[in-house]
Amino acid sequence: MEREKVLVSAEDLERQRTYMRRVRALLESRGVSPTACVDTFGCQQNVADGERLQGMLREMGFTLTEEPEGADVVLLNTCAVREHAEDRVFGNLGALSHSKKANPDMIIGLCGCMAQEERVSQRVKKSFPYVNLVFGPHAMWKFPELLWRVYDRRGRVFSTEDEHGTISEGLPVVRGDSIKAWVSIMYGCNNFCSYCIVPYVRGRERSRDPQCVLEEVRSLVEAGYKDITLLGQNVNSYGNDLGLGYDFADLLSDIDKIPGEYLIRFTSSHPKDATHKLFDTMARCEHVAKQLHLPFQSGNDRVLKEMNRRYTREQYLSLIRYAREKMPNIVLTSDVIIGFPGETEEEAMDTVSLVKEVGFDALFTFIYSPRPGTRAAEFPDPATRQEKLKWFDKLLAVQNEWSAKLHAAYIGKTERVLVDGTSDDPDYPLAARTEGHRLVRLKGDPGLMGKFINVRITDSNTWALYGEAE
């Protein structure tokens, strides 16, 4: 895409600021103190989008709340990746009908990836008449204008056009944390994996200007953020559309030059675009965490081809071997789909054998969920749900046993961690993360929050380590 068609102009952004001021003035004239809730589902990119929606709402005079029932504006910021997430959203929309009856002036909005799907927006239009506003990711930057239209016309507003996708710099943001932060470096996806709806709802890949990313990271470090995650549907293809001869590894190298005490992570990473240069850069950079989330999805070449992943089992394993050669202590995680349409038990066991061969620190595992509009949704799928569950249980058993062994090996060691939260365990009231993003439940003083400290590991289970501050 031509760059000038991707970047939202300064004039268009100023137009949205004008609408923010209009909404604020309208609410002030009514003498109300409005509240707003942004309920976010799905991936970290959705979380980052939600923080910008909150930023715009705050600029318009809203006080933010986590309770949708009593809010004046409720936005469901949705995910379209799995059927379960979609069902939850429609359930929540149904529940909000009671709140709408109690407060007819409440504005209910549906946004995010689900909203961009025509079948979803049409269902909302026909079956949820009390929903005032529906807009997809492409229209997020003009949310103030859309909200003003709802207030001004007192009608329903839908903005789900199949647009090319844009980049808008300078939108206000409300960070949900003072220690960890998300930074989107690119948007959209060009891969069209046969099971995935994301390219259809988020558009083509478009990278932010490197200087904009660097300035945002620099400001976060200066503000005291310690754990910063770079986001994109496929960060490894960052820069391909810029025409600068500047890639994701170059961006990591430049970020690493920013002085301060912090860690840089990134997600998601596609194996077909992962390079030796990337791993060499990770190994060299002081601030880049030695952690790699590299989804493989299947350990069988036929299934990988049907998924349109564009790499083989051996190519994936070769990447892992090189990454470990350069970073012997790297923490490896991945995504796996079991029960892809047409997959046999033997092919599913190829996935289990790959898990055994690699020895991942953790996995995010899913039973295939058909998404209308994707190619895979039309594939024959003879395996029963019961068969898929049996394969899935075998995968979990292998991974859980290995994770427990890996964690047990930490007992007695001292690890540097970032204390970043609280725990629901009264004996270990703090939560922390190692450089490899392992969860550590921790005994220590609350004053340690936001600090890098050394912790002696005293116990473990499959999902966490336990320790005491030294």
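**Sheets, helices and one buried threonine**

This predicted model holds an open sheet of 3 strands in the order S7-S10-S11, with parallel pairing.

Colleague: Which strands stand at the edges of this sheet?
Modeller: Look for strands with a single partner strand. Such a strand has one side left without a neighbour in the sheet. The edges are therefore strand S7 (180-184) and strand S11 (263-267).

Colleague: By how many degrees are neighbouring strands of this sheet turned against each other on average?
Modeller: Direction is ignored here. The average turn is 25 degrees.

Colleague: What is the bridge partner of Lys180 in S10?
Modeller: S7 and strand S10 (residues 227-231) pair in the parallel sense. Their pairing runs over 5 bridges. In S10, Lys180 has as its bridge partner Asp227.

Colleague: Which helix lies across S7, S10 and S11?
Modeller: The helix covers residues 44-59. Its direction is at about 95 degrees to S7. The helix is H3.

Colleague: What is the bridge partner of Asn77 in S4?
Modeller: Strand S3 (residues 73-78) runs parallel to strand S4 (residues 107-112), and 6 bridges join them. For Asn77, the partner in S4 is Cys111.

Colleague: How do H4 and H6 run, roughly parallel or roughly antiparallel?
Modeller: The axes of helix H4 (residues 83-102) and helix H6 (residues 118-127) come within 13 Å. They cross at roughly 15 degrees. Angles under 35 degrees count as roughly parallel. So H4 and H6 are roughly parallel.

Colleague: How many charged residues are in the contact of H4 with H6?
Modeller: H4 supplies Glu86, Phe90 and Leu93, while H6 supplies Arg119, Val120, Arg123 and Val124. The contact has 4 nonpolar and no polar residues. The charged count is 3.

Colleague: What about H9 and H10: is their crossing left-handed or right-handed?
Modeller: The axes of helix H9 (residues 210-222) and helix H10 (residues 248-256) come within 10 Å. They cross at roughly 35 degrees. The crossing is right-handed.

Colleague: How many nonpolar residues does the contact of H9 with H10 have?
Modeller: Pro210, Val213, Leu214 and Val217 of H9 meet Leu251, Asp254 and Ile255 of H10. By class, the contact has no polar and 1 charged residues. The nonpolar number is 6.

Colleague: Which residue of S16 stands opposite Val419?
Modeller: S15 and strand S16 (residues 428-434) pair in the antiparallel sense over 6 bridges. A hairpin joins S15 to S16 through 2 residues. Opposite Val419 stands Ala432.

Colleague: And in S18, what is the bridge partner of Leu418?
Modeller: Strand S15 (residues 414-425) runs antiparallel to strand S18 (residues 452-460), and 5 bridges join them. The partner of Leu418 is Phe452.

Colleague: Is Thr462 buried or exposed?
Modeller: Thr462 lies in the loop between S18 and strand S19 (465-469). Among the residues it touches are Asn400 and His407. The relative accessible area of Thr462 is 16%. Buried means under 20%, so Thr462 is buried.

How values were computed: Residues numbered from 1 in each chain as written. Predicted model: local features only at pLDDT ≥ 70, side-chain atom pairs only at ≥ 80, totals over all residues. Heavy atoms only, no water. Pairing = 2+ DSSP bridges. Helix = DSSP H or I, 4+ residues; strand = E, 2+ residues; numbered from the N terminus. Axes fitted to C-alpha atoms, helices over the stretch in contact; angles between N-to-C directions. Parallel < 35°, antiparallel > 145°, perpendicular 65-115°, else oblique. Contact = heavy atoms within 4.5 Å. Nonpolar A, V, L, I, M, F, W, Y, C, P; charged D, E, K, R; others polar. Left-handed = near helix turned anticlockwise from the far one by under 90°. Buried < 20%, exposed > 50% of the residue type's maximum accessible area, 1.4 Å probe, protein only. Lists of a residue's contacts leave out its neighbours within four places in sequence.
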